[in-house]
Amino acid sequence: MDTSPSKKLVEMRDIVKSFPGVLANDHVNFTLYRGEIHALLGENGAGKTTLMNILYGLYRPDEGKILVRGKPVKIGSPADALHLGIGMVHQHFKLIPPHTVVENVILGLKSPRFKLDVGRAAHEISDLASRYGWKINPFARIWQLSAGEKQMVEILKVLYHGADILILDEPTSVLTPQETRGLFESLKKMREEGKGIVFITHKLEEVFAVGNRVTVMRKGRVVATMSMEKATREELARLMVGRPVLFRLEKESVEPGRPVLQLEDVHALGEKGVPALRGITLIVREREVLGIAGVTGNGQLELAEVATGLRKVTHGRVVVDGVDVTNKGPRAFIEKGIAYIPAERQREGLVIGMNVAENLVLRYYRYEPFSRRAVINWRMVDENAEKLVRKFEIVTPNVRETTRHLSGGNQQKVVVARELGGRPGGKTPRLVVAMYPTRGLDVGATEYVRKTLLRYREMGSAIFLVSEDLEEIFQLSDRIAVIFEGQIMGVVRPSETSYEEVGLMMAGAKRLEEIPA
Amino acid sequence: MGAEVVAVGVEWLGAFLSSTVQAGTVLLLAALGETYAERSGILNLGVEGMMIVGAAFSYLITLATGNDLLAILVAMGMATLLALIHAVISISFRLNQIVSGLAITLFGLGLSGYLTFPDVRVGILRAINPSLPMSMAYRQSTPKLPDISIPLLSQIPVIGPAFFRQNAIIYASYVLTVLLWWFLFKTRPGLNIRSVGENPAMADSLGINVYLIRYVATLLGGALAGLAGAFLFIGYQPFWVEGMTAGRGFVALALVIFAAWSPLRVMAGAYLFGGVEALQFRLQVLGYGTTAPQFLLMLPYVTTIIVLVALSYEMIRKKIGVPAALAIPYAREE
Ligand SMILES: Nc1ncnc2c1ncn2[C@@H]1O[C@H](COP(=O)(O)OP(=O)(O)OP(=O)(O)O)[C@@H](O)[C@H]1O
Ligand SMILES: [Mg+2]
């Protein structure tokens, strides 16, 4: 890679940015060259998103200078940034769901001035997409798209605006492994075209797969910038967290107990009114992790919602601890001690405008000691919050901070902390339904959440884990059920199967004859 | 004998359709404006008040000057002024749009009643036109806008006269509907309006002037509500009655939802509701509901409620609808 000064696309010098109670960026220096993929690593709340928001004009730095292609610039808004060729894809999508792909992509462009030439724009977007090996219907509406496709639209939007400096904030956290591989191919192509790409992620293997250089941030500061050839996994993890990280989990072997959740021939409809679950029979027992593997969109979401009482079943039975709770509504499930970590933290997991303490009692606020006869005991709410913030290392100035102001990973931690640690009286949940529980978490927090899930398993909880990350599924599960088009293709033990076999079942290419409950 | 029955039937149908279009146009104009306001994120419950103020001024001006065009322009101007109050309150001061809108409706109803109160009215008319004879100043009605037949088109049986033997405002409403639809969905400013109503923060970040767009859309809504009021008086029922809008502003608001915020569907819905109103008149004329006329009069409102309930389910299912930022004030963060 050519790092001569003339190849500098962006140079950020001594950037300082503080929010009330937090120093988010503390004299940060960052350089991006033409034709490089620059990975940006760091713990949750380290200041990565803040730094990039500054480059994209969303925040103004308190101090520091920004040079783009060698010239000092003031970036007052994203419109300015786009003008300078800087585009950003955010951690949480910023698209307008009822509008079409084209409408989202061309929004904010200055030309043509009046009449939209949607046909031509659609054509150009399709061309642009195919250049990077993607396919997209420009007239589809955003709400009809999968997470991977939305991601694609966000990137297309930035490219269509003519950006050659791309900022991708945790783009892979919502992608399937296949989609991630596809994205990487496209990114490499963009790199060859001379674009500069900033790539934020928590997954070290991704840094090694596409990065040229890596910058590690910790508590608002840059602790190291190095080229990938010199980096090792252990070194990067140690720089990020400040201590060595174990990549291996100790998993005790315990004997599963009585069934906690039983699904019997469950059928349910999906969002669009079509059958999403077609005859699912599963059991999760005490002291057991049942992993659900599958490509997103094959019924995992509906399955998790059935298991938590959020979705009605059209046929079949749902039994919790021997009691039939079919279609009894979510509160019946909560009272049975079922916790739920949903897939989309901002939409389903949090009330983003409420503060951390409030979010941390959302599931149990109606029970003692958080409330008595419909009156909330705020002292208990705060105590609970203080305890969970400490335990799960949630980075926030105080428990009264609005959740919107937390970093993405710390928002996720709030959900996880409430679901895993929020049950009154310190009781463990009977059943944890966890969808992508470590999505957006840094290596340290990921390790902590996985350990907690395993500890609960040892203490008697049943764990129902939905994940796309096969590594996570294999590491944690006692049994793996593979779901394809709303049916279970087979239930296997991690020690008796392989990634390949599970992969074949996920694609619907293999189905086990005998499915043990 | 058979032929005669058919002829009577055709004539009845023709007259019914014609008054359907007229009744529908009142709703159409008001709802078109409100569609724009809501698409930009501003809910305007003041439509009713703006309409009645428009009707009152068109009454006063035509009476004083006999100039229809002037009457229409003044009506639109006054309603736009009320819309400006709503815009300042809800866009610049970011106060509750529902409260502001309802207050404007109450204010408009009161103001129109006051201005047309005989003694006050005479004073105003005299001020505008000192040579106006006293007997004129006490009139409740003025000549209706003349109908204009469009050659050829008005010859089409039944629908010809209904749609093409009408007055100028009705013709303008056809053009306006198509134009506003085209502008909203096919032009860049239209896309900007829709985006501002869905996600103002993002539109702002892309350099779109959220405040300007919301102001313009709200004022346009006011102007069209004023036009609807003017049409109600000089183009449809040129006989002044206090409170003559009779809740049509609220029917128009329902119509916007019914139409899922699309001008073309607004037109279809307006004629549907207009048809119900026309039907109610016809039934009255035929002598139905003489014992309890209230039930017939309820017809348009009952239809509104039924249609809305039926539709809400459909809209949730198809996820079309409410601009995400509707009635939510926007303030730039940081
Ligand atoms: N708008 C804001 N208001 C107040 N505090 C903020 C705001 N944005 C960020 N912060 C704070 O700044 C710090 C850095 O946040 P940032 O989002 O940059 O972290 P991050 O490195 O992107 O973390 P993650 O990996 O979890 O996304 C956090 O402590 C966060 O709470
Ligand atoms: Mg972040």
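**Interfaces and a ligand**

Author: In this predicted model, 29 residues of chain A are in contact with 22 residues of chain B.

Reader: What makes B:Arg194 and A:Glu103 a salt bridge?

Author: The rule asks for a side-chain nitrogen of Lys or Arg within 4 Å of a carboxyl oxygen of Asp or Glu. The closest N and O atoms of B:Arg194 and A:Glu103 are 2.9 Å apart, and therefore the pair meets the cut-off of 4 Å. Across the interface of chain B and chain A, the rule finds one salt bridge. Six residue pairs in polar contact are also found there, both residues being at pLDDT 80 or more.

Reader: How is the size of an interface expressed, and what is the area buried between chain B and chain A?

Author: Interface size is often given as the accessible area lost when the parts come together. Between chain B and chain A, about 2200 Å² is buried, and carbon and sulfur atoms give 60% of this area.

Reader: Into which domains is chain A divided?

Author: The assignment gives domain 1 (5–241), domain 2 (257–337 + 430–517) and domain 3 (344–426). The centres of domain 1 and domain 3 of chain A, taken over C-alpha atoms, are separated by 31 Å.

Reader: How do you know that domain 1 of chain A touches domain 3 of chain A?

Author: Contact means heavy atoms within 4.5 Å. Seven residues of domain 1 of chain A are in contact with 10 residues of domain 3 of chain A, and therefore the two domains touch by this rule. The area buried between these domains is about 620 Å², with carbon and sulfur atoms giving 50%. On the side of domain 1 of chain A that touches domain 3, two residues are nonpolar, five are polar and none is charged. Zero salt bridges are found across this interface.

Note on methods:
Residues are numbered from 1 along each chain as its sequence is written. Chains are lettered from A and ligands numbered from 1 in the order in which they are written. This is a predicted model: local features need pLDDT of at least 70, side-chain atom pairs count only at pLDDT 80 or more; totals for chains, interfaces and linings use all residues. Side-chain values use heavy atoms; hydrogens and water are left out. Domain bounds come from an automatic or database domain assignment. Buried area is the accessible area (1.4 Å probe) that two parts lose on being put together, summed over both. Ala, Val, Leu, Ile, Met, Phe, Trp, Tyr, Cys and Pro count as nonpolar, Asp, Glu, Lys and Arg as charged, and the others, Gly among them, as polar. A polar contact is a pair of N or O atoms within 3.5 Å; within protein, one must be able to donate a hydrogen and the other to accept it, and residues adjacent in sequence count only if both atoms are side-chain atoms.
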